[in-house]
Amino acid sequence: MKRLDPFLFSLICAIALASILPCRGQMEHILQHVVTILITFMFFFQGAKLERHAIVDSVKDWKLQGSVLLCTFALFPVLGVGLHLLFRAVFPDALFGEELWSGVLFLCCLPSTVQSSIALTSIARGNVTAAICAATVSNIAGIAMTPLLTGLVLGHVGAEHSPLGSILDVSKELLLPFALGQILQKWVGPIVRKHKILISFTDRGSIVVVVYTAFSSAVVEGIWHRVSGAHLLEVALLDSAMLALVLGLSQLMGKGLGQTTSNCIALQFCGSKKSLASGVPMASVIFPAASVGIIVLPLMIYHQIQLFTCTLLARRYSTRFLDTSDQGTATSPQRRTATP
C-alpha cells in the first residue's frame, strides 16, 4: 500500500498547527505579506526553469494535447457542476454545505500536475515526452483558465466571484513573475536547474506556509465547527467518484481518437490530475483569506486519492507490459495500439 505523500503529510502538520496555534492579529498580517512574496518567487522560478522549446514542442501533437486540455478544463468542470446539481436535487440535505462544494468546484477548474503526471506516465510505460508537454501547457493555460472557470462555475452555486477580477489578480501575482522568469531564463535558468532540490524544497515550503496561514484564518472563523469528519468522508467519496469517471472517460476518449497505448496512458494520467502546487497559491489569490482553508480541503483530499489510485494503475499497466514482453508479443510502447 502506498504510504502517505510526504508533501501532503507536511500540509496536514501545517493544518494541525494552525488548529492548535493559529496566527492572529499582527502576525497574521505579516504572514499574509510573506505568503505573497513566497508565491511570487515560486512562479518566478517556475518561469525560469521551464525551457521554451518544451512549450514549442507541446503543440506538435495537437490531438493529444487538446485532449488533455479538454479533460482538464472542460470535462472536470462539467462533471463538477453536474454532480452538484444531481446531489442537490436528489439528496438536498445528505451532503456537505456550499462552502465545501465551492472547494470541489474549484478543484475541477485547476490545471494538471507536472511531476506526478510525468512520473506515473513513465512507470506505466507511456509517452513521457507527451506527458511533459501536456502537463506544462496545462499549467501555463491554468493561470488564465482557472480564475475564468472558477468565476463561471462558482457563479452556478451563487458565490460572489468576478472572473475578470480573478484573472487580473492571478495575472498580477502569478503570471507576471512567471513571465519575468521566462525573460531572465538565460541567466537564472541554469542556476535554478542546477539547484533543483533546493528550488523544489523552497516551492513546497512556500505552499506549507500558505496552508498554515489560510487555515489559521479559517480556524479563527470556526472552520472545524462547520466541517465534520463525516463531511470529509463525503468529500473523499465524491473526489474518488470524479477521479474514476475521468480515468474511464479519458481512456474512452483516447481509444475514440485512435491514440496509441502510450499516448492513451499519457492522456489518462495528465487529464485526471489536479495540481495541489498550483491550486493552493491560486486559491490564496482568488478567495478571501478566511475562505481559503475550507476551499482547499477537497483538493488536498483529492491529491492523496489521485496519487494512490494512479500509482496502482501505473503499476498495473507496467506489469501488463512486462508480461507481454516476456511472451515476446509486445512491441514498442510508442507503437502499440491496444487500449490500456
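**Entry 1: α5 and α7**

Which residues in α5 meet which residues in α7? I put this question to a predicted model. On the α5 side I found S102, L105 and F106, and these meet T146, T150, V153 and L154 in α7.

I then looked up the geometry. The axes of helix α5, which covers residues 98–108, and of α7 come within 9 Å and cross at roughly 140°. I therefore noted α5 as oblique to α7, since an angle has to be over 145 degrees to count as roughly antiparallel. The crossing in which α5 passes α7 is right-handed.

**Entry 2: α4 and α13**

I turned next to helix α4 (residues 62–90), which packs against α13 at an angle of about 30°, with the axes 9 Å apart.

From α4, I listed L64, S67, V68, C71, T72 and F76 as meeting N263, L267, C270, G271 and S272 in α13. The contact of α4 with α13 divides into six nonpolar and five polar residues, with no charged ones.

**Entry 3: α12 and α13**

I also examined helix α12 (residues 229–256) against helix α13 (residues 261–272); their axes lie 9 Å apart and the packing angle is about 145°. I recorded the passage of α12 across α13 as right-handed.

On the α12 side, the contact is made by L243, V246, L247, S250, Q251, M253, G254 and K255. On the α13 side, I found C264, L267, Q268, G271 and S272. I counted six nonpolar, six polar and one charged residues in the contact of α12 with α13. I noted L267, G271 and S272 of α13 in this contact and also among the residues that meet α4.

**Entry 4: the largest pocket**

How large is the volume of the largest pocket? I read a value of about 1200 Å³. Of the 44 residues that line the largest pocket, I listed K49, V114, Q115, S116 and I118 as the closest to its centre.

I then asked which elements give two or more residues to the lining. They are α2 (25–49), α3 (52–58), α6 (115–123), α7 (128–155), α9 (185–194), α10 (196–220), α14 (276–286) and α15 (289–326). Among these, α10 gives the most, with seven residues. By class, I recorded the lining as 22 nonpolar, 13 polar and nine charged residues.

How values were computed. Residues numbered from 1 in each chain as written. Predicted model: local features only at pLDDT ≥ 70, side-chain atom pairs only at ≥ 80, totals over all residues. Heavy atoms only, no water. 1 Å grid on protein atoms, 1.4 Å probe; cavity = no way out; pocket = protein on both sides within 12 Å on 5 of 7 lines; lining within 4 Å. Points joined across faces, edges and corners; volume = space filled by probe spheres on them. Helix = DSSP H or I, 4+ residues; strand = E, 2+ residues; numbered from the N terminus. Nonpolar A, V, L, I, M, F, W, Y, C, P; charged D, E, K, R; others polar. Axes fitted to C-alpha atoms, helices over the stretch in contact; angles between N-to-C directions. Parallel < 35°, antiparallel > 145°, perpendicular 65-115°, else oblique. Left-handed = near helix turned anticlockwise from the far one by under 90°. Contact = heavy atoms within 4.5 Å.
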